[in-house]
Amino acid sequence: MLFLQLLLLTLLLPGSNHADMVHDMVSFHIIQISSYANQSWVQNQGSGWLDELQTHGWESESGSIIFLHTWSKGNFTDEQLTDLELLFRVYFIGLTQEIRNYASQFQFEYPFEMQVNAGCELYSRESPKDFVQVAYEGSDFMSFQNTSWVPSPEGGSPAQKVCDLLNQYEGIKETVQSLVRKTCPQFLLGLLDAGKMYLQRKVKPEAWLSGHSTLKSGRLLLVCHVSGFYPKPVWVMWMRDEQEQLGTKHEDPFPHADGTWYLRANLDVAAEDAAGLSCRVRHSSLGDQDIILYWGRRLSASLISLAVIVPLILLIVLMLLFKKRCSYWNIL
């Protein structure tokens, strides 16, 4: 029967003694993507995420967890992680077999893809929240709510059939409930503790400007690039003196492989209005020292001073050399 092997693998992992307060909201979730090309070929991909930072992968050939950071094991023992690894391995085997058996009954047409997003969220002043969401071909299919599988309206009769079948197996529901409501919060707290130094680090951003003409005649698209910063929260704005330019458009932050972030802030302006604009960047790693980059001819006070002092020094040196040379010829 569907996922029958899971009935043998209910996890009872020991509790955590963490008393640390979780600030705001933090989550850990597992993403599964299963691609079914036909009756005989399937590819299962899995990954674990601490908020938007990937912490784990899944090696489908060997059926093993990939730990992407030195702290990705959290505070779980090797034995506990082996139990979890075995559970996921059996789950993927059982899922593949049962999808093959029930594909026609569930009206699944090859090729198709299924996605699962399951995990938990912790809040500073609230109880943990859990979620299990299943999608078919990118559309909501069903979810796990309270103690039962519930079809999504978009899933139609196939989702209802799958839920009816799964809800017959109390062991499967108890296992899912234990994983997302007990194991997940414990593991999440362990990750936060083990990865504290990495997660609390601060990396200063680098910033630069670029610009190009737009399709509209006489206009420029000014771009402020901010890269390599951590943590993710950052404030970037185009300014004229101390006035924020409300036309600034921010693209979604993009993660780098090293866990830092990249962001672009764009401003569409008339070419004649570009001079005098600046981009201001605020980030926790900078303290009170914002990064300010000026567009066009407007120079910072330090550059202006340098532009005045350097020619003056050169002029003095030339005058001294000229005076010395004149003295030499007078002696002759």
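**The enclosed space**

Of the residues that line the largest cavity, 35 are nonpolar, nine are polar and none is charged. The model on display is predicted. To find this cavity, select Ile30, Phe88, Tyr91, Ala118 and Leu179, which lie closest to its centre among the 44 lining residues. The space inside amounts to about 940 Å³. How many cavities of 30 Å³ or more does a search of the whole structure find? The search finds one.

**The whole chain**

Now display the entire chain as a cartoon. Five helices and 17 strands can be traced in the chain. Of its 332 residues, 40% count as buried. The chain exposes about 19500 Å², of which carbon and sulfur atoms supply 57%. Among contacts between residues at least 6 apart in sequence, 59% join residues at least 24 apart.

**The second largest pocket**

Next, select Trp41, Val42, Gln43, Asn44, Trp58, Ser60, Glu61, Gly63, Arg89, Phe92, Ile93 and Thr96, the lining of the second largest pocket. Two elements, β2 (42–50) and α1 (78–102), each give two or more residues to this lining. Which element supplies the largest share? That element is α1, with four residues. By class, the lining has five nonpolar, five polar and two charged residues, and the volume of the pocket is about 240 Å³.

**The disulfides**

A disulfide is a covalent bond between the sulfur atoms of two cysteines. The structure holds two of them, and with bonded cysteines counted along the chain they follow the pattern 1-2, 3-4.

Select Cys120 and Cys184, whose sulfur atoms are 2.1 Å apart. This pair links distant parts of the chain, since Cys120 is in strand β5 (residues 112–123) and Cys184 is in helix α3 (residues 170–194), 64 residues apart. Both Cys120 and Cys184 are buried. Their link is left-handed, with -85° about the S-S bond.

Then select Cys224 and Cys279, where the sulfur atoms are 2.0 Å apart. Here strand β10 (residues 219–229), which holds Cys224, is linked with strand β16 (residues 277–282), which holds Cys279; the two cysteines are 55 residues apart. Cys224 and Cys279 are both buried. Why is this disulfide left-handed? The torsion about the S-S bond of Cys224 and Cys279 is about -80°, so the disulfide is left-handed.

**A last selection**

Finally, select Cys163. Its relative accessible area is 1%, and because buried means under 20%, Cys163 counts as buried.

Technical notes
Residues numbered from 1 in each chain as written. Predicted model: local features only at pLDDT ≥ 70, side-chain atom pairs only at ≥ 80, totals over all residues. Heavy atoms only, no water. Buried < 20%, exposed > 50% of the residue type's maximum accessible area, 1.4 Å probe, protein only. Contact = heavy atoms within 4.5 Å. Areas by Shrake-Rupley, 256 points an atom, 1.4 Å probe, with all protein chains shown as cover. 1 Å grid on protein atoms, 1.4 Å probe; cavity = no way out; pocket = protein on both sides within 12 Å on 5 of 7 lines; lining within 4 Å. Points joined across faces, edges and corners; volume = space filled by probe spheres on them. Nonpolar A, V, L, I, M, F, W, Y, C, P; charged D, E, K, R; others polar. Disulfide = S-S within 2.5 Å.
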